Protein chains: 2
Amino acid sequence: MKYLHTYSFAETTPFLLSCGKTLSNVNVAYETWGTLNTDKTNAILIFHAFTGSSHAARHYEKDTEGWWETYVGSGKAFDTDKYFIICANVLGSCYGSTGPSSLNPKTGKPYALNFPFITIRDMNSAIKNLTDHLQISRFLAVAGGSMGGMLALDWSIAYPNSTKSAIVLAASHSQPAQAIAFHQVGRQAILQDPSWKKGNYYGSEEIPRLGLSLARMIGHITYLSEKKMHEKFGRKLQDKAELSFGFDYEFQVESYLRYQGHKFVDRFDANSYLYLTRAIDYFDIRIDHGEGSLFSAFEKSKCDYLMLSYSTDWLYPPENMKQMANTLRGCGRRVVYLDIDTDNGHDSFLIDNQVMVAAVKNFLSQEIDTTENNV
Amino acid sequence: MKYLHTYSFAETTPFLLSCGKTLSNVNVAYETWGTLNTDKTNAILIFHAFTGSSHAARHYEKDTEGWWETYVGSGKAFDTDKYFIICANVLGSCYGSTGPSSLNPKTGKPYALNFPFITIRDMNSAIKNLTDHLQISRFLAVAGGSMGGMLALDWSIAYPNSTKSAIVLAASHSQPAQAIAFHQVGRQAILQDPSWKKGNYYGSEEIPRLGLSLARMIGHITYLSEKKMHEKFGRKLQDKAELSFGFDYEFQVESYLRYQGHKFVDRFDANSYLYLTRAIDYFDIRIDHGEGSLFSAFEKSKCDYLMLSYSTDWLYPPENMKQMANTLRGCGRRVVYLDIDTDNGHDSFLIDNQVMVAAVKNFLSQEIDTTENNV
């Protein structure tokens, strides 16, 4: 049985992007779990984060672990016995949907830097094409963390009638300056790697390993909290009792980061790193939907919200989520907002947490039980 | 008149370092301001931060601006009318003191990576050689911020009779795991730059500009606060009204960081960056002086302390300074501790601040007025 599907569109009519350019022959890779009920009221659309894929969870016992295995499955927060769950790989990524590593139909070669710039808005437009094709006009919920949370926010405003609720985790109404700064450094590390070759490294043995690995190391620091890093590594030395005086791994935290960097290079495309970080940098729902005003943007939404921030998330600090929750309440929306007390930093939305499980479960069961009062 | 002096030692007896290796013909570059009084009770030793030099302040009107111009001068917090101030460039740096760019007397070529690993302890040992030579056996105060604060801490414990007080700003009793992580990424950026050539780029036209500039960009983010970055740049675009969709400078914060990176390359040596960040990573006064215990380390000190942390410093969070202040009080030391409320992040100790000026002035005038009761 095949679990990874691909929906293709824009074969005749080009797909128009926010930057003004178009894409033809767009693929959207997606996976589904559970069964859609007859009145189509149990569908949930899950959005992955920056480096994720459509593979949110296992389909069978020996399947590869998914990125949200803890939360998606039989009896879990996103209960696949109750809900029909869809997760699609975003445009610009490298896990089956069209991105810079895909073949450009015009040239027969990978797009590389000829891939047009994309936005969070464009990612959702592509996924909307898929869900229209699947004939799901209204979701019980759209849900995601980090970039996935940005997609959930954008979806809830751009397609107000197409979801009953939105679950937004560890996200921000716009990419903050400090986060843009870290992305910029990560991109520079890739752009300056001689093996990057202006993006034309596909098919070559040399790929921008060093640059991409550096970018990941920087990212990884921002996904953890200072407290967690201190608890996990502190100043412990790597496999030794005394300092060896060298630039290699003296401390465990160094070895850990290098390992994270190396591991990442084997699973992610450097050009996708460039395009997706840029898309995230561009994200600002105030500009995209409200002419600069958060209130005006949120006035367009019609759904209920579950919003979770995490006390030690310094990439997207809780204050931003709180501001969104308050503004949405001002707009008359039903909002359940929790700031979850945890040491796990930004990555918290990926990590098992009792409060988060309960919050999602309760929110979803209330959503499915209530009559449709907000169309 | 010459203001930059050099003291040379270890011409016959090699200078022993913490790593077990030795250095011969060590230079220590230093500058002084003000006049030493006859009983030698008005001398203050200032330590610069990581990328600083001995040039803390101007010596004459048209002199180059110093790194602590705001705080050092006639009538200022470190009042050059009252105090005799010394600032020396640290070992391993590139502003006149012996470092990786200095000529190795054995080969006649720059040390490059043959330079031995150094520690904060070694830097102070070298400066102690200088101050012994200058026949100043006891300072009114030793003072510094960031790495300079670590030097002040180390000095106060290693040479308990040689200072009446220590002024420690924006520092930590040990380099935290997250700060080690950022240093590691910065060093990797240099080590992976093909122009670095295993450290042998001296005299070549190609220097590791890209790697060093990246390292500085990362460092710079950690020196600012998220709040300050948001206030200063937010999501403002660079010289344009609309997104241009590119990997170049879209946002002001990107342009600013790139500028900081480029500017830095013209004034700092990449190998010094490697050695000094490593020295900072190694710093842990608990290990260096207390067999792992902060209390045991501080029990060795005999001086008074002025300790300032800054509310938005996330590189060396205030909690660490508070812990030091409390432990020192437990050891019977007189401690004035302030957590200064500011948006300027780690860099606060370099920026004009009324409370900081007053705190330093008052502390120093109390120190000079009190009788010598703590020898």
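Tutor: Happy to! Let's start with the head count: 40 residues of chain B and 40 residues of chain A make up the contact. On the chain B side, five helices each supply at least two residues, namely α3 (177-191), α4 (209-223), α5 (226-232), α6 (252-265) and α7 (270-282). Of these, α3(B) gives the most to the side that touches chain A, with 11 residues. By class, that side of chain B holds 27 nonpolar, seven polar and six charged residues. Please keep in mind throughout that this is a predicted model.

Take α3 (residues 177-191) of chain A and α6(B): their axes come within 9 Å and cross at roughly 50°. These two helices are therefore oblique to each other, and α3(A) passes α6(B) in a right-handed crossing. From α3(A), the contact uses A:Ala177, A:Ile180, A:Ala181 and A:Gln184, while α6(B) brings B:Val253, B:Glu254 and B:Leu257. Sorted by class, this contact has five nonpolar residues, one polar and one charged.

Next, look at the pair formed by helix α6 (residues 252-265) of chain A and α3(B). Here the axes come within 9 Å and cross at roughly 50°, which makes α6(A) oblique to α3(B). The crossing of α6(A) past α3(B) is right-handed. A:Val253, A:Glu254 and A:Leu257 stand on the α6(A) side of this contact, and B:Ala177, B:Ile180, B:Ala181 and B:Gln184 on the α3(B) side. The class count for α6(A) with α3(B) is five nonpolar, one polar and one charged.

Within chain B, α6(B) has another partner to look at, α4(B). The axes of α4(B) and α6(B) come within 8 Å and cross at roughly 125°, and that makes α4(B) oblique to α6(B). Their crossing is right-handed. On α4(B), the residues in this contact are B:Arg209, B:Leu212, B:Ser213, B:Leu214, B:Arg216, B:Met217 and B:His220, and on α6(B) they are B:Leu257, B:Gln260, B:Gly261, B:His262, B:Phe264 and B:Val265. Six of the residues in the contact of α4(B) with α6(B) are nonpolar, five are polar and two are charged. Notice B:Leu257, which is listed both in this contact and in the one with α3(A).

Now to the sheets, beginning with chain A. Its eight strands form an open sheet with mixed pairing, in the order β1-β4-β8-β5-β9-β10-β11-β12. At the edges stand β1 (5-9) and β12 (335-340) of chain A, each with a single partner strand, so one side of each is left without a neighbour in the sheet. From one strand to the next, the twist averages 20°. The partner of β1(A) is an antiparallel one: five bridges join β1(A) to β4 (residues 26-33) of chain A, and A:Tyr7 stands opposite A:Val28 in β4(A). Helix α1 (residues 120-133) of chain A lies across β1, β4, β5 (43-47) and β8 (84-88) of that chain, running at about 60° to β4(A).

In chain B, an open sheet of eight strands with mixed pairing has the order β1-β4-β8-β5-β9-β10-β11-β12. Its edge strands, β1 (5-9) and β12 (335-340) of chain B, each pair on one side only. Inside this sheet, β4 (residues 26-33) and β8 (residues 84-88) of chain B pair in the antiparallel sense over four bridges, with B:Trp33 opposite B:Ile85 in β8(B). Helix α2 (residues 147-158) of chain B lies across β5 (43-47), β9 (141-145) and β10 (165-169), at about 150° to β9(B). Helix α10 (residues 318-330) of chain B lies across β11 (304-310) and β12, at about 165° to β12(B).

How values were computed. Residues are numbered from 1 along each chain as its sequence is written. Chains are lettered from A and ligands numbered from 1 in the order in which they are written. This is a predicted model: local features need pLDDT of at least 70, side-chain atom pairs count only at pLDDT 80 or more; totals for chains, interfaces and linings use all residues. Two residues are in contact if their C-beta atoms, placed from the backbone, lie within 7 Å. Ala, Val, Leu, Ile, Met, Phe, Trp, Tyr, Cys and Pro count as nonpolar, Asp, Glu, Lys and Arg as charged, and the others, Gly among them, as polar. Two strands pair if DSSP finds at least two bridges between them. Axes are lines fitted to C-alpha atoms, for helices over the stretch in contact, and angles run from 0 to 180 degrees between N-to-C directions. Angles under 35 degrees count as roughly parallel, over 145 as roughly antiparallel, 65 to 115 as roughly perpendicular and the rest as oblique. A crossing is left-handed if the near helix is turned anticlockwise from the far one by less than a right angle, and right-handed if clockwise.
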